[in-house]
Amino acid sequence: MVEKKVRTDISEELVLKKKKFALGSGWGVFLVLVVECIILSILSPYFLKVSNIFNVLKSISFIGITSIGMTMLIITGAFDLSVGSVAGLGGMVTAALITKAGVNPVFSLLIGIATGIFIGFFMATLVNKLGINAFIVTLGMLSIARGFTYLIAKGSNIFIKSKGILFLGQGYLGKVPVPVILMAIFVVIGSLFLRFTVFGRYIYAVGGNERAARLAGIQVNKIRLIVFMICSSLAAFSGIVVAGMLGSAEMTAGTGLELDVIAAVIIGGTSLSGGKGTVIGSLIGAAIMGVLRNGFVLLGIPYEVQVISIGVVIILAVVFDSLKTRRR
Amino acid sequence: MENNNIILRLNNINKRFGGTIALKDVSLEIAKAECHAIVGENGAGKTTLLNILNGAIIPDSGYFEFEGVRYDRLDPKSSILLGFNIIHQELALVETLSVMENIFLSNLGKGNSGFVKNKKQIFNDSRELLKSLGSDIDPSEIVENLSTSKKQIVEIAKALSSNPKLLIMDEPTAALTQAETEKLFEVINILKKRGISIIFVSHRLNEVMRISDRVSVLRDGYYIGTVVTKEVNVNDIIGMMVGRKIELYQRARTDQTDLNNGKDVVLEVSNFTKKPYFENINFVARKGEILTFSGLVGSGRTELFETLFGFTEPDSGNIKVFGKPFKINSPKQAMFLGIGLLPEDRKIKGIISTMSVRENASIAVLSKLFKSGIIRRKKENDIVNKYVELLRIKLASIEDPVTSLSGGNQQKVMLARLLSTEVKILIIDEPTQGIDVGAKSEIHKLLIDLASKGVAIIIISSDLPEVLSISERIIVMRSGSIVGELKASEATEQKIMELATIGLAG
């Protein structure tokens, strides 16, 4: 028995070494980010400037905050294609309440987030009670939420009049942009939640083997419901932050966000098949993409190439993910 | 038997899977135009044999002779070309296509440079084939609209379209009603008259007695013998199926525990029904007693206990736990009442393969252990280590992925999961499935020890020696009903098999 264990140890070590630079295994992703930063700092003198670093972080905060909820959802084996639209809707609802209805900004913020919670509740219920595929439900919501956003906007973007919301998006605490601080806070909370709480453990169990989890006494539906609500509410919140960043809630805000978020989550090592993943990993995944984009801008690479290479990175990430899963 | 009369001969077929012998020196002869049944318990080697005939598995040694010509191995295509065809239990029809398209599925484009054959011609040819089987199924009907029995006839017609000389049917009556079975037997007789041989694999001995000309028995991978059906009775066949020496499995319980009357009833189930899985189940389980539910695969035992455990809802019935009536709506509730279920097929239903040993072992007790919702790793480690020691689980570290453990040790992790919840009524489905002999007896000892501590244990097992060696009481199920209850002291493998395959006496 001991002999067998040693042999598998060695072969595992070798495989790990081979895959050291492969995206996906904890330190592997971090290494990719470090290598990326090193290369970029060599290619451009502006990269390591403090203001640039914070800019990069600020630019990924939209994806970063949303990816926390998405990470949890993907770990349970589902995913949410509507986060971009929900983000747009959250921003629009809050802006409309403040600017058009004169509602107190704090309440408007809360109602914006509540919109997200409600949408998450709705989608999860369809999945839980009617057994409809999450892909289909969230795909439908993508359009529905976007439609409502246009409805509220009535054809034009809505300016944010509240200093508080503007601070959320444009403010600084010392040298650090507020969105970055918010992202950091949520990442820490999300990480601790997944790692150290019973509920977090249940999230991993449901994704690892739903049937076994149910037979072990876990209330799978309840978990799915709560995670959907977390994901949508974080999406709504990040939409509000972005509206603050831009100074207005745009009708098209968040378009395409879901793909970037899912890419970040997968690059970061969360498996599409469920049961594995970390919030920090997703943050690193978002950073990898953010640094790449930043690099393109600093180096003056045309936009078309940027778009193509982001796509390539996403495909590579999914390929590595499936190779990892197949090995299991 | 003269060589002329033999259509298929198997010569010393051997097959091993790792350390398990699936078939050992199996030699069989199938005659022309006969209906030849192959019987044996679960694990006797029937499936492996069929897979070899099918070409899905290659024997380690041995060969076949089909119509006198020797073959060392086969594959599905060549076996059809040679003239034998297999009809599996799970029918292999394309549900969304029509009957005639299914019948000629492999022939649709023959000779017409890729274009589909004349529709009218296929229709007529199909009609002919079905008629020859005494069936009036409409060839243009879509398969998914047909009953299982009619689908089976379509499968037979499909097999016939290649003019086979031998047809193998695997558990063909499993999903059929009495009337439909009669229809199938008519078809079999028609085929025999046309000179086609039939190999009929089945658990249902009364049917085997009725339709077959000869019966061959497999046991633990060995070929036991072939008898002429007319010359024997069903008990002779059962005797051949189970005639194993029970000495190998010493009765693990040394105390005569027939004095049940004194023990408290902890679980009472009455009129428990969920069609079509099980009907009108009534039984009690007692404190500190090991009660085993025996029966063939498919008799409804797993469904019964998964429903009892709250995983699914019953149609009707009552449960009393420790004397109080309850409606169990979820596994969580069942566990709260002190009931635990260790499912069969742990790879699918039990083990969470993405998690470590520690996480797998602790998952069921986390909410009880950490009321605040925050996990304290030290406490978790302590309780997991306690059970690793108690159950003697062999591992390097509890952080290892659970998939790195052997089957027996994985099963122990599952047991640790259940025991950590301080379960009072333990239901365990096929406790030693896929586990080597050494680990098997360890698990048996653990169960007996648990029982002595007062836990009521209900075991679902198809492993007869296991059943006899550790049970105090045995309930036999067949086709969803309880057909008998035996005290361990009165039970023999023969009696259990009889009940499991034939049903209620008289």
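Two residues are in contact if their C-beta atoms, placed from the backbone, lie within 7 Å. The legends below describe a predicted model, in which local features need pLDDT of at least 70 and side-chain atom pairs count only at pLDDT 80 or more, while totals for chains, interfaces and linings use all residues. Residues are numbered from 1 along each chain as its sequence is written, and chains are lettered from A and ligands numbered from 1 in the order in which they are written.

**View 1. Helices H5 and H6 of chain B.**
Helices and strands are DSSP runs numbered from the N terminus (H or I, at least four residues, for helices; E, at least two, for strands). Helix H5(B), residues 148-160, packs with helix H6(B), residues 178-193, at an angle of about 15°, and their axes are 10 Å apart. Axes are lines fitted to C-alpha atoms, for helices over the stretch in contact, with angles running from 0 to 180 degrees between N-to-C directions. H5(B) and H6(B) are therefore roughly parallel to each other (angles under 35 degrees count as roughly parallel, over 145 as roughly antiparallel, 65 to 115 as roughly perpendicular and the rest as oblique). Their crossing is right-handed; a crossing is right-handed if the near helix is turned clockwise from the far one by less than a right angle, and left-handed if anticlockwise. From H5(B), Ser149(B), Gln152(B), Ile153(B) and Ile156(B) meet Glu180(B), Lys183(B), Leu184(B) and Val187(B) of H6(B). The residues of this contact divide into four nonpolar, two polar and two charged. Ala, Val, Leu, Ile, Met, Phe, Trp, Tyr, Cys and Pro count as nonpolar, Asp, Glu, Lys and Arg as charged, and the others, Gly among them, as polar.

**View 2. Helices H4 and H11 of chain A.**
The axes of H4(A), residues 83-100, and H11(A) come within 7 Å and cross at roughly 55°. The two helices are therefore oblique to each other, and the crossing is right-handed. Residues of H4(A) in this contact include Val83(A), Gly88(A), Gly91(A) and Ala95(A), and among their counterparts in H11(A) are Cys231(A), Ala235(A), Gly239(A) and Ala243(A). By class, the contact has 12 nonpolar, seven polar and no charged residues.

**View 3. The largest nonpolar core.**
A nonpolar core is a set of buried Ala, Val, Leu, Ile, Met, Phe, Trp, Tyr and Cys residues joined through C-beta atoms within 7 Å. A residue is buried if 20 or more other C-beta atoms lie within 10 Å of its own, exposed if 12 or fewer, and partly exposed in between. The largest core has 235 residues, and those with the most contacts inside it are Cys231(A) and Ile457(B). Helix H11(A), residues 220-246, gives the largest share of this core, 15 residues. Leaving out residues up to four places away in sequence, Ile457(B) touches Ile290(B), Leu426(B), Ile428(B), Leu447(B), Leu450(B) and Ala451(B).

**View 4. The contact between chains A and B.**
In this interface, 26 residues of chain B are in contact with 22 residues of chain A. On the side of chain B that touches chain A, helix H10(B) (331-336) and helix H13(B) (366-369) each supply at least two residues. The largest share, three residues, comes from H10(B). The residues of that side divide into 15 nonpolar, six polar and five charged.

**View 5. Helix H18 of chain B.**
Seven of the nine residues of H18(B), residues 493-501, are buried, so the helix is largely enclosed by the rest of the structure. Among the buried residues are Glu493(B), Glu498(B) and Thr501(B). The elements against which the buried residues of H18(B) pack include helix H7 (205-211), helix H8 (234-242) and strand S13 (290-295) of chain B.

**View 6. Backbone details.**
Most residues other than glycine have a negative phi, and most peptide bonds are trans. The peptide bond from Lys275(B) to Pro276(B) is cis, with omega near 0°, and Pro276(B) is found in the loop between strand S11 (265-274) and strand S12 (278-286) of chain B. Asn271(B), in strand S11 of chain B, has a positive phi near 50°. Asn271(B) counts as partly exposed, with 13 C-beta neighbours inside 10 Å. Lys154(A) has a positive phi of about 50° although it is not a glycine, and lies in the loop between helix H6 (134-153) and strand S1 (158-159) of chain A. With 10 C-beta neighbours inside 10 Å, Lys154(A) counts as exposed.
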